[in-house]
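Colleague: I would like to learn how to read a model of this kind feature by feature. Could we look at it together?

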Amino acid sequence: MQQYEQLSEQMARFNDALQATIAGFQNPDAGLESVRQSAPGAGSLGRRSFLKLAGLAGGGLVLAFRLDTGKADAESGAAGNHGPSADQELNAFVRVAPDNTVTIYSKAPEIGQGIKTAFGLIIAEELDADWSKVKVEQAPIMPKIYGSQGAGGSTSIPRGWDQLRQGGAAARAMLVAAAAQKWNVPASELTTSASLVNHPGSGRKATYGELANAAAAMPLPDTATLKLKDRKEYKLLGKRYTGVDNRKLVTGQPLFGIDVTVPGMLYANYQMSPAIGGTVKSANLDEIKKMPGVVDAFVLDGTGNPGEVMTGIAIIAKNTWTTFKAKDALKVEWDETNASKDSLTGLALQAKALKGKLPAPATNIGDVDAAFASAAKVVEADYDYGMVSHVQLEPQSTTAWWHDGVMEIWTQTQQPNSGQSMVMAMLKLPQEKVILHQMRAGGGFGRRLQNDYVCQAAAIAMKVNAPVKLTWKREDDFANDFNRVGGFHYLKGGLSKDGKLTAFQNHLIGFSADGNRPVAGSGRSNGCFPTDFAPNVRYALSNLPLMTRCGAWRAPTDNVQYFVSQGFMHELSTAGGRDHVEFLEEWFNRPPAKEVVREGPPGQGTPDPSQSFNPARAVSVVKLAAEKAGWGKKLPAGRGMGIAFSWSHAGHASHAVEISVSANKKITLHRIVAVVDVGPVINLSSAEQQMQGATIDALSTAMNLEVTVENGRVQETNLHEYPILRIADAPHVEAHFIQSEFRPTGLGEPAYPSFAPALANAIFAATGQRVRTMPFNRLGYSL
Amino acid sequence: MPYQLNVNRKTVTVDVPGEMPLLWALRDELDLKGAKYGCGVGMCGACTVLMDGKAIRSCLTPVSEAKGKIVTIEGLAENGKLHALQEAWIDLDVAQCGYCQGGQILSAAALLAEHPKPTDAQIDEAMNGNLCRCATYIRIREAIHQAAEPEKKMEGVSHATV
């Protein structure tokens, strides 16, 4: 058992690290300090040069690392890639070419959330750039220059908002200063528009390209002198833009991590224990090594950290398919003495046995027992939800090359900074010896907050005398995901005679690797169940042991617990004979027992109001959803409407859903209305995509998706056992934005959590049946 | 052994086992990365290519059976001119992560070849084998309609009120 306990400890520590990273995402990025530095290609990087992407003839993506020249030369033949010598870098975000092309570096990973276009637009807005002449490129991973470069928690926009705008404004100020000097006029007489500096007094104009050389010689402006635009001055932000990489995407250019080609590279797959924590007793490696095309096969002991490298077998071959074929032929005897024995069916029975066995409450406000005793009505309900997988469509892959004492990595992570740090720690290398190239990711959904596949590739590459591309099979992704954890809630609510919520109790049965600290995604969601939910509130948490790896999944905790809290709210309003929208409004405006704020990292001072729960914003999103959907109108027989609210990842959101349900529980979606307030919209096209995509993702997951675990093994192996929604079942989703005057916040997650409860409430309205479990197909519902 | 393939209007030779799926010959041998690996069992459609105009799953098609004229997403545009679907995909900003979109466009191209003005039902039937994990389905439908009937150019997909 000792090793099992070690694994528990490792798992718990790993979960702590993940939670800390997610919390860290809420720090705003540094201001102009980082902007003062130059982008790659400048001398500031010293002798060690940086990588250039170049599309060579033949369409392959080749990334060449020049250790020797000290120059950041692109490979020849680069389509549209101009050499740095002709361009002027005004700061780490902005480069201007003589032909007036502006290159903007997007520092964050692009995972489908549209951040590359959004970051380009934010910088271009303050720069007053001509968007048609702007190119946006992925910035290199250089935390010393850019600060944090992660993508997670819908935080990229709020974190980067000041830094990016200052980057654009600083570059603009330098271009203006250059024109002022050239024309010998005060800078205050100059205006800018569409990559031009204008002197209205004399009618003189100069393009940014013409001014770039002189601008680059100007002193870097002081932050205090930069005047950022008022919202009414925006020329770019808020309109519809097609994504900056769309032409490359629709012509099949190699943008993704899995598309990386490094000359001379080999291919790898990695077989881990089917139950986490198993070790290799024996394997037919000699047979595998004899297979045609197989170059090598070997055991890696791993680090024992579930977030890094667990024990397994690496297969090295001349192409991807041979690694897969060899994997099929691999016969391993695993020692599972210390491996996970998790059984979700067994754990569900344990959870049911805990009903009514309330542990010492974690939170106790008011006198809950007295309030229940004097309540006009008491409502009790049990909710639960299963475990789900990420299934980002691009399987995990990473290319790694150990050469010249440097570990060079190409990957599509959501956390390049921690990926680099983890490899540094694992290989005991300093930062300058681990170079990580950020590639576009074929989906993230939180899975790529983990860097296990990055660490695996690096560990494998240490033993291979060539660049090596690790590619997981889809089956590997199912078996080794960091799943969204399930949970069980035993709820009790008390209502006064006039239907007001007087007391609330939530007993959550969650999961923990060490019996104490919840696994990632477990534990109470503070947004769904705020402490001022009611005048008298009690929360209690029981933890069941779980070794199965769990992690962040789009809108962690909120993605399931709003289903619970908003469904139960509807049970309460119904029991109280109240109109649900009115009941919600009363709840939003409840007298606070304690101020509800987004819980940021400790010691960060006052929370940002734009990221805090705001009753007025909450009321406005629900009211708009109700109005658009026609809440309260008489519906035809057999139809029902549901509405729900969420405040998640700083966004206030509401869904209203109108459905009918057939006798055999087939649901027809007549109308879906989605509303968010995330402040001013950056790119309306992308914002609408996130609303529609998150809503359909929520529909797909709420209706049909679940993974099961028995004997430590995830039972589902591929898409035939995991029916993600397809186009024939995809409804239309109306997206509505309330563009309040708060600072903009992210939209990868906020439009997800309120959909499932809205649908569950609609099912009740249509049928009188409560849905208290996810996925809904457990109760026989289908689309 | 060497196999001759016709890919994007060129004859090429790959020296691989005949059972190797076309997907991996394209990606690893011919360095055409447009066809994507998603599931390996024909369930996601990310690996879709055209063979003699029909949308096929290259992950399930052995090289030895790839005897027709193959068009990958890299070869859909001819002489630098994008296919109407590619134009519509850009115009309507269909992609989120973009990983599945090459396969989506090729399935749509096969659909339009058969039904130049498809109904929503025909679109849903023809496109149901192509999974989009980001759920861009609403725009995929609109983009196919726009490519098929450009005179009915969509005035934005949005119902957005702002």
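**Reading the model**

Modeller: Let us begin with a single side chain: a polar atom of the side chain of A:Ser343 lies 3.0 Å from the backbone nitrogen of A:Gly346. Please keep in mind throughout that this is a predicted model.

Colleague: Where does A:Ser343 lie, and with which residues is A:Ser343 in contact once its neighbours within four places in sequence are left aside?

Modeller: A:Ser343 is in the loop between β14 (332–335) and α10 (344–353) of chain A, and, with those neighbours within four places left aside, A:Val709 and A:Glu710 are in contact with A:Ser343.

Colleague: How should I read the backbone angles, and what is phi of A:Asn100?

Modeller: The general idea is that most residues other than glycine have a negative phi, and that most peptide bonds are trans. Here A:Asn100, a residue other than glycine, has a positive phi, near 75 degrees, and A:Asn100 is placed in the loop between β4 (94–96) and β5 (102–106) of chain A.

Colleague: And the peptide bond from A:Met774 to A:Pro775, is that bond cis or trans?

Modeller: That bond, from A:Met774 to A:Pro775, is cis, its omega being near 0 degrees, and A:Pro775 is found in the segment after β30 (773–774) of chain A.

Colleague: Turning to the two chains, how many residues of chain B are in contact with chain A, and what area is buried between them?

Modeller: In chain B, 56 residues are in contact with 73 residues of chain A, and the area buried between the two chains is about 5,500 Å², with 57% of it given by carbon and sulfur atoms. For polar contacts between chain B and chain A, the count is 34 residue pairs, both residues being at pLDDT 80 or more. The elements of chain B that give two or more residues to the side touching chain A are α1 (22–29), α2 (84–91), α4 (120–127) and α5 (137–148), and the largest share, five residues, comes from α5(B). By class, that side of chain B has 31 nonpolar, 12 polar and 13 charged residues.

Colleague: Which residues lie nearest the centre of the largest cavity?

Modeller: Of the 19 residues that line the largest cavity, A:Gly114, A:Thr117, A:Gly243, A:Arg440 and B:Gln96 lie nearest its centre. At least two lining residues each are supplied by α3 (115–127), α7 (246–250) and α18 (684–704) of chain A, and the lining divides into four nonpolar, 10 polar and five charged residues.

Note on methods
Residues numbered from 1 in each chain as written. Chains lettered and ligands numbered in written order. Predicted model: local features only at pLDDT ≥ 70, side-chain atom pairs only at ≥ 80, totals over all residues. Heavy atoms only, no water. Contact = heavy atoms within 4.5 Å. Buried area = accessible area lost by both parts, 1.4 Å probe. Polar contact = N/O pair within 3.5 Å; in protein donor to acceptor, adjacent residues only side chain to side chain. Helix = DSSP H or I, 4+ residues; strand = E, 2+ residues; numbered from the N terminus. Nonpolar A, V, L, I, M, F, W, Y, C, P; charged D, E, K, R; others polar. 1 Å grid on protein atoms, 1.4 Å probe; cavity = no way out; pocket = protein on both sides within 12 Å on 5 of 7 lines; lining within 4 Å.
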